[in-house]
Amino acid sequence: MTTLAFGGNRVLHCILAGFMLGVTQPALAQSSPDLEQQIKAIQAQLQSIPALQAQLQSIQKQLAAQQAATRQVQAEVKNVPGVAVVNPPPGVQYVEVTPNGGMKIGPVAIKLGGFAEGSMIFRTRNEASDIGSTFANIPFNQVPAAHEAEYRQSARNSRLSLLAETSWNEDTLLSAYVETDFKGVGVTTTGGQNNSYLPSLRQAYLTVDKTVNHTDGWRFEVGQAWSLVTGFKDGLVPRDENIPLTIDTQYVPGFNSRRDPQLRITKVFSPEFSVALSAESPEANFAGDFPGTAQGVDELVTSTPGTGSGGGTLNSGVCVKGGGTGSFTTVPATTISTTPCANYSVNVAPDMVLKAAFDPGWGHYEAFGLGRIFQTRTGVFSGVAGDSQISGNNNTAFGGGVGGNVILPVIPKYLDFQASVLGGYGTGMYGAAQFADFTVNQNGEPKPIPMIQMLTGVVAHPTPKLDLYVYGGYEQATRDTFQDGKLIFGYGSPLDNNAGCNIEGSATFVNPTTGASAALPCSGQNKDIWQVTTGLWDRVYQNKVGTLAVGLQYSYTERQLFEGIGGSPTAVDNMVFASVRYYPF
């Protein structure tokens, strides 16, 4: 029984094995070609391994050579006194340099800008000025400067700028911008041996841009920048102001601008419409005759910059008080000094500017309003000799105006027309000609001077490298006088004596018989100033290493006084400017 059972199992196993072999034999026979192909592919890969190993060894040798060179440079740098070598962690790059003056330090992108400039200035009348003209002080024939030409060369308009930007999050952009030139003038600065002029702060501000729905948003700006009164090219975007292309850094009469500290908020409703409100640091120019103690009104001491108990940072200076000196930065009349007066006005509130900009697709349009506050402090006297002051009070007046800017692409990309206007009371400082902002009446109260400022221009771009321009600008003040008996106060008095304005040396005339003074004054005040100017900029060389540009400008400027005793004299200055600039970025 046992043998049969054993034998039966072996027979059963043989039967099962035969059955399995019969079933699988066709499949093995069918798949053998595929297996052969796979085996051949593996053999081919095995044959390429030596070549790959040789390539890897070559790369390792190159890397070792680079590492050795790096170690050598680091060793040489370590030998330089005061230089420390910081090795960043693996995979971390502290500074990334990008094209066109850009770099990235961590999350902050930095863009360098500016240019180096050499300029030439020629004027037919000697304004004793540099690259920026003094339109309101073109000399009349009474003084020798009116008969002398003026030639200067200058590099002081060369500029440096830096823009830093980073993203706070996906909807918020932080930016900081600083721009400087070299037109600052120190107390001892001269054009002598060293020409050591000072850097001047043109702009320094930060912005926070908050985007909503990727189309509109808010922008907050604080620091020193172009006034919101200044026109823009597109929207109300910082660093996109529409600045005249002139070489003269005083630009053109009628151009409305200031660069002042401010706090600005902008609402961008859409790419086509923006509104901004700016609170700007005020400053005011005064002109006119202060009544004085003879009329029972005296200007009290207002401001002496730099003499505060903590040591102020404003420029200090003194000048004679009252009597029509045209300054509200004064000290008592007993103090007489040859030190130039620093002319800081008394400011009690910021200038407020509200502006709206519209970009419908053809052209750029702006409308704005300006609000200002002026203040004086006066003491009232009885007018009796020896009497003391019996009262003192502050006097406040409100000024401002309305204006607009427009840019029309007459031939898109080739020819643009632009125009701007600002009219109101006390807006003189916002014009390039720098008229006075306010005067005073017979009681010493501030009175903003009526003013109109206009500018038109045409800018052509016949080729991508050539810009041609023509501007015409005009600024006019309105006579604003006040009478007290036989005396007239204010701005543009008809009693101002202009008899000597066009007679050379008349200010020092002497009667040959008696020896007494026979001087003829020239005491009138500016009525209007206008200019026509034309010029070009040619980018003669432009590639990845920067841009070399050459500029030329000619201007005709006319200054006229209010009519007084002796008429309404006029002074004309013809100016020529040339410039060569290199923009490395």
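Biologist: Why is the disulfide of Cys501 and Cys522 called right-handed?

Modeller: The torsion about its S-S bond is about 100 degrees, so the disulfide is right-handed. Keep in mind that this is a predicted model, where local features need pLDDT of at least 70, side-chain atom pairs count only at pLDDT 80 or more, and totals for chains, interfaces and linings use all residues. Residues are numbered from 1 along each chain as its sequence is written, and side-chain values use heavy atoms, with hydrogens and water left out.

Biologist: What makes Cys501 and Cys522 a disulfide?

Modeller: A disulfide is a pair of cysteine sulfur atoms within 2.5 Å. Here S to S is 1.9 Å, and the structure holds one disulfide.

Biologist: How do you know whether Cys501 is buried or exposed?

Modeller: Buried means under 20% relative accessible area, exposed over 50%, and partly exposed in between (1.4 Å probe, protein chains only). Cys501 has 0%, so it's buried. Cys522 has 26%, so that one is partly exposed.

Biologist: Moving on to rings, why is the pair of Trp530 and Tyr556 called tilted?

Modeller: Rings of Phe, Tyr and Trp (its six-membered ring) pair if their centres lie within 6.5 Å; planes under 30 degrees apart count as stacked, over 60 as edge-to-face and the rest as tilted. For Trp530 and Tyr556 the centres are 5.5 Å apart and the planes at 45 degrees, so tilted it is. Trp530 is partly exposed at 28%, and Tyr556 is partly exposed at 26%.

Biologist: What makes Tyr251 and Phe255 an edge-to-face pair?

Modeller: Their rings are 5.3 Å centre to centre, with 65 degrees between the planes. Tyr251 counts as buried at 7% relative accessibility, and Phe255 does at 4%. Ring pairs also link Trp226, Tyr251 and Phe255 into a cluster.

Biologist: How do you know that the charged end of Arg259 sits over the ring of Trp226?

Modeller: A charge sits over a ring if NZ of Lys or CZ of Arg is within 6 Å of the ring centre and within 35 degrees of the ring normal. The charged end of Arg259 is 4.9 Å from the centre of the Trp226 ring and is listed as sitting over it. Likewise, the charged end of Arg156 sits over the ring of Tyr197, 3.6 Å from its centre.
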